[in-house]
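Thanks, everyone. Please have a look at it first.

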Amino acid sequence: MKKLLIWVGLLFFCQCAPRHDVTTTEQLYEAFRQPASAYRPFVRWWWNGDKVEADELVRELRLLKEAGIGGVEINPIAFPSYCDSLGKPSLPWLSPEWIDLLKVCFDEADSLDMTCDLLVGSGWPFGAEFLNEDERAQIVVNYAEPVTGPATLTMVRDSLCARAMPQVSSPYAGNTKELMLLRLYPNPASSVDEGIDVLQHDSIFTIEIPEGDYTLAALVKINGFLEVINGAPGAAGPVLDHFNTEAVHRYLNNMSDKIENQIGPLQGRIRALFTDSMELEGANWTSDMAETFQGRYGYDITEWLPFVLFKIGSMGSALHYNPVVPVTDDFKALVERARYDFEDFKAQLMQERFTSTYLEWCHGLGVKARAQAYGRGFYPLENAMGYDIPEGESWTTNWLKHKPGEEWSEQDYRRGRAYTMVNKFVSSAAHLAGNRNVSCEEMTNTYTVFNMTLEQLKIGGDQSAISGVTHSVFHGFNYSPNLEVPFPGWVRYGAYYSENNPWWPYFKYYNDYKARLSYALQHGTYYADIAILNPENDMWSTIGMQNEPFPNTTRAKYKTLIWEAINKCGGGVDYVSENIINEGEMKRGAFCYGDRRYNTLILIDIESIHPETAEQLLRFVEAGGKLLCIDTLPYQSLGLSGDIAMKDAIVQNCFEQIRSFEDRFVLVEPPQEGFIHWYDSLMQAEQLPHYLDIETPSPFVMQNRYTTDDGSEMLFLINSHRYQSHQTKITFHRELTHRKYPWVWDLHTGERYPLTLNEDHSYDFDLGPAESVLIVFERSKPFGVRGAPTALRNSLRSVAEVPFGAPRTPMISRAGVNISTDWDIELIHARWDTVIHTHFDTLFDLKDRPETQHFAGTIVYRKPLTWDPIVSGTTLGDRREPTYASGATLLDLGLVEGVSEVFVNGQSAGVRYYGRRQYDISDLLHEGDNELEIRVTTTLGNYLKTFTKEDNPTAWIYVNHPKRDQPLQPMGMIGPVKLSIQYKEKSF
């Protein structure tokens with residue numbers, strides 16, 4: 001109960017949901033057409049080495065504005081060692097010169113109607129060279145070795161401490177070590193009381209081992225064990241102790257005081273202060289840790305740490321999960337209870353001492369708090385609830401390995417997915433707190449930097465949105481004086497968002513799309529009536545906290561597949577926690593938390609649960625709610641304190657009563673594979689809530705539902721497969737369609753078109769590769785809108801500048817004429833001044849021929865086209881097709897690898913950067929001879945493969961380094977290219 005009371009105190013800042021100005025759907029649509037800059041994507045703006053100058057900062061802000069970017073996150077970071085600095089000096093973090101340049105950025109951004117966020121510190125996690133010893137991050141680690149007696153051992157204190165040092169990613173050289181405990185335990189141990197204290201104070205000492213088998217176990221406290229990763233000058237050095245409230249206060253106030261004393265209040269100059277992912281690599285200690293723990297839990301945690309702690313390596317991850325000190329099976333169960341207490345205590349302390357302090361600091365300055373509020377040592381859900389802008393992550397780093405858009409693994413949670421597992425926790429936290437702004441470090445790229453395409457960015461970005469993200473911060477834009485530095489400039493990470501990237505001129509099209517999507521999603525409330533309780537507490541007990549967003553293991557490795565299956569079968573789902581359940585209210589068949597209401601709760605592989613939670617779940621079922629347990633049934637309590645037998649009995653009694661409600665309780669086994677089919681069958685059999693009936697679910701087809709302030713419903717639907725279309729009938733439930741009118745809001749153009757449903761309120765979707773659609777069920781019928789272009793009325797094809805959707809007018813599409821042969825070619829290289837003229841008899845992938853495989857830039861395909869628009873027929877090569885009024889001539893480029901733009905007689909027919917490359921060219925053709933020109937723009941990666949480390953170390957490290965050696969990527973128009981006519985049937 002003490003823990004529950006503490007949690008209630010921590011929730012004070014998220015019980016009052018943020019107020020939203022009520023917007024009618026018509027007002028929403030008008031703003032959707034040209035969203036404000038705050039909804040446009042931002043970029044993480046790396047100030048490489050803080051080697052920044054005023055003129056270049058201004059130039060880059062204007063460059064970003066022209067590309068459709070709405071804001072920047074100013075992010076000081078260490079200078080890339082492989083880049084040429086040109087001897088430019090670094091400005092130390094918080095120096096007067098550095099702060100002056102902040103003001104330059106703030107002023108210029110304001111004049112451009114752009115937003116600035118500011119990183120706290122530099123690199124991650126934050127710290128600085130100036131930290132005192134008592135302000136540095138601490139860790140307690142264990143070391144153990146088997147010994148057999150009788151024997152006499154000579155111990156060297158420094159050597160013992162050195163052997164205990166974990167292999168962290170970025171160790172701080174100035175760390176200090178203290179031997180806290182040295183004991184002999186029987187092998188195996190059956191109690192903490194069996195230890196024999198052999199600790200001595202000399203630097204070299206001997207210990208006597210009694211007869212028998214023992215484990216010699218040590219606890220070592222390391223102060224300042226971790227250095228800031230990629231910290232810029234002035235904010236490098238040891239990481240801050242985030243468990244130390246006073247140290248946190250001093251660090252944060254030092255930053256804000258120095259800035260505000262020099263240039264005035266931050267309020268009005270920046271939107272938010274930002275904390276990057278808290279990769280604290282296992283930090284688990286502070287000066288008052290032991291006494292604070294004992295005050296809350298009633299026992300000395302240091303007695304248990306030799307058994308609770310695992311041997312750790314990089315990122316604080318356990319090297320293995322075998323006990324460092326071997327124990328009996330009975331004792332292991334108690335160790336797991338103590339491990340849960342310690343992990344839960346660290347999460348409490350992090351919330352109280354860092355998160356609350358950080359939030360108060362930001363709000364005291366009059367700015368918002370934005371953070372990636374996870375790592376290791378946090379509540380993955382609750383810790384994000386207090387932030388104004390909680391943030392997740394989506395990655396492209398291993399695109400070539402994990403292949404988002406090409407496969408969807410049920411064995412590896414990363415394969416096929418750009419979003420990370422933590423995103424669902426972050427977005428659920430926002431939903432529970434009534435927060436609509438869910439940010440994302442989007443498409444993090446430390447690998448395929450020069451091979452990332454706009455198509456891949458869209459696939460990953462759409463997946464991010466499905467995970468609950470409503471605003472994107474691209475990773476990232478490099479400060480790089482490109483007018484001075486050698487190509488490709490200063491590159492720390494990122495998808496090479498640079499004016500030197502061949503596809504940069506087309507970047508604005510994607511940013512327009514993202515702006516409209518962000519605006520729409522931030523003006524609706526995410527709909528979910530199913531809640532999932534994950535086995536986080538059991539995981540903490542057995543294997544401890546894992547590092548987010550990339551745990552090296554987890555409990556119930558299939559758990560991500562559950563929410564995905566619910567989504568793919570037409571439902572909406574949030575994550576919850578025991579704390580949330582215990583704060584909720586059970587009434588009228590639902591679990592209610594604030595404005596959220598869930599009719600179904602799903603427990604995934606949960607064996608251990610707090611008695612208070614078990615009692616709440618019983619109330620939920622008694623109130624008419626439906627409870628599903630997957631894999632197992634809870635049968636025991638958590639933690640070591642209190643009367644364990646009594647707590648276990650409460651849990652068991654509650655679930656015995658729950659099982660008696662046969663129509664409201666289900667215990668099911670998860671499948672070995674085929675989770676979508678399994679859940680679809682379960683959903684039908686148990687009548688689980690959903691609002692769409694998807695006739696043919698697909699791993700790549702996902703959706704989210706949002707409700708607007710005036711009761712309209714928005715549905716965001718995606719097909720994230722890069723190459724394959726998907727056809728399925730989707731039936732919309734009455735709650736979506738009753739007295740509402742379905743419209744397609746085109747995310748590319750800002751237009752809207754009516755969507756005519758079948759009589760059963762269904763629609764036959766033909767979703768192209770990487771296609772997405774926003775359907776809005778409006779409460780009132782808008783006036784003054786036109787239908788979709790005739791050519792596309794019988795399909796749903798989302799392509800830039802060609803809208804989709806529309807009334808279901810009967811159409812005929814004649815088989816296309818193949819025009820894939822005989823093209824005159826220009827190869828306009830991105831880096832060379834010369835243009836190569838050649839001829840392609842047939843189309844091919846440029847990477848497959850030696851003479852073109854290292855090309856980068858724009859490929860121009862040209863050919864003449866004769867057009868004879870007679871009433872009796874149209875000449876397409878040597879074939880004649882009948883033509884009727886309202887017909888449309890469609891050009892289909894087939895497979896294209898790159899950004900395509902079509903010109904007919906010098907006039908642009910539009911840009912496509914993903915999926916179906918189809919163009920309506922009806923209005924551009926004229927009778928007689930026409931000139932068809934197709935431009936395809938590539939990435940730089942294949943060209944950069946030609947560089948050695950000596951030629952260009954920046955290029956080499958991202959395409960040829962042994963750890964990043966990348967194969968040649970496909971390029972160009974591969975086809976087949978077809979011209980066809982689509983037209984209405986004759987009326988008789």
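Trp 98 has 0% relative accessibility and therefore counts as buried, where buried means under 20% relative accessible area, exposed means over 50%, and partly exposed is in between, with a 1.4 Å probe and protein chains only. Trp 47 also counts as buried, because its relative accessibility is 0%.

Before I go on, this is a predicted model: local features need pLDDT of at least 70, side-chain atom pairs count only at pLDDT 80 or more, and totals for chains, interfaces and linings use all residues. Residues are numbered from 1 along each chain as its sequence is written, and side-chain values use heavy atoms, with hydrogens and water left out.

Now the aromatic rings. Rings of Phe, Tyr and Trp (its six-membered ring) pair if their centres lie within 6.5 Å; planes under 30 degrees apart are stacked, over 60 edge-to-face, and the rest tilted. The whole structure holds 60 aromatic pairs. One of them joins Trp 47 and Trp 98, edge-to-face, at 6.0 Å centre to centre and 65° between the planes. Trp 47 belongs to strand β1 (residues 42–48) and Trp 98 to helix α4 (residues 96–111), so this pair links distant parts of the chain, 51 residues apart. Helices (H or I, at least four residues) and strands (E, at least two) are DSSP runs, numbered from the N terminus.

Which residue forms an aromatic pair with Trp 408? Phe 700 does, edge-to-face, at 5.8 Å centre to centre and 80° between the planes. Trp 408 is in the loop between α10 (399–402) and α11 (422–432), and Phe 700 is in the loop between β22 (692–694) and β23 (701–708), so the pair ties together parts 292 residues apart in sequence. Both Trp 408 and Phe 700 are buried.

There is also an aromatic cluster, whose members include Phe 474, Trp 503, Trp 504 and Tyr 913.

Two rings have a charge over them, meaning that NZ of Lys or CZ of Arg is within 6 Å of the ring centre and within 35 degrees of the ring normal. Arg 849 has its charged end over the ring of Phe 844, 3.6 Å from the centre. Over the face of Trp 823 lies Lys 863, 4.7 Å from the ring centre.

Next, a sheet. Strands β16, β17 and β18 form an open antiparallel sheet in that order, where strands pair if DSSP finds at least two bridges between them. β16 (585–587) and β18 (596–598) are the edge strands, each pairing on one side only. Strand β17 (residues 590–593) pairs with β18 over three bridges, and Tyr 593 has Arg 596 as its bridge partner.

Thr 632 sits in the loop between β20 (626–630) and α18 (644–659). With 17% relative accessibility, Thr 632 counts as buried. Leaving out residues up to four places away in sequence, Thr 632 touches Asp 605, Ile 606, Glu 607 and Leu 667; contact means heavy atoms within 4.5 Å.

Finally, the whole chain. The protein chain has 22 helices and 44 strands. Its radius of gyration is 30 Å, close to the 30 Å that the globule rule gives for 988 residues, so the chain is as compact as a globular protein of that length. That radius is taken over C-alpha atoms, and the rule is 2.2 Å times the number of residues to the power 0.38. Buried residues make up 65% of the 988.
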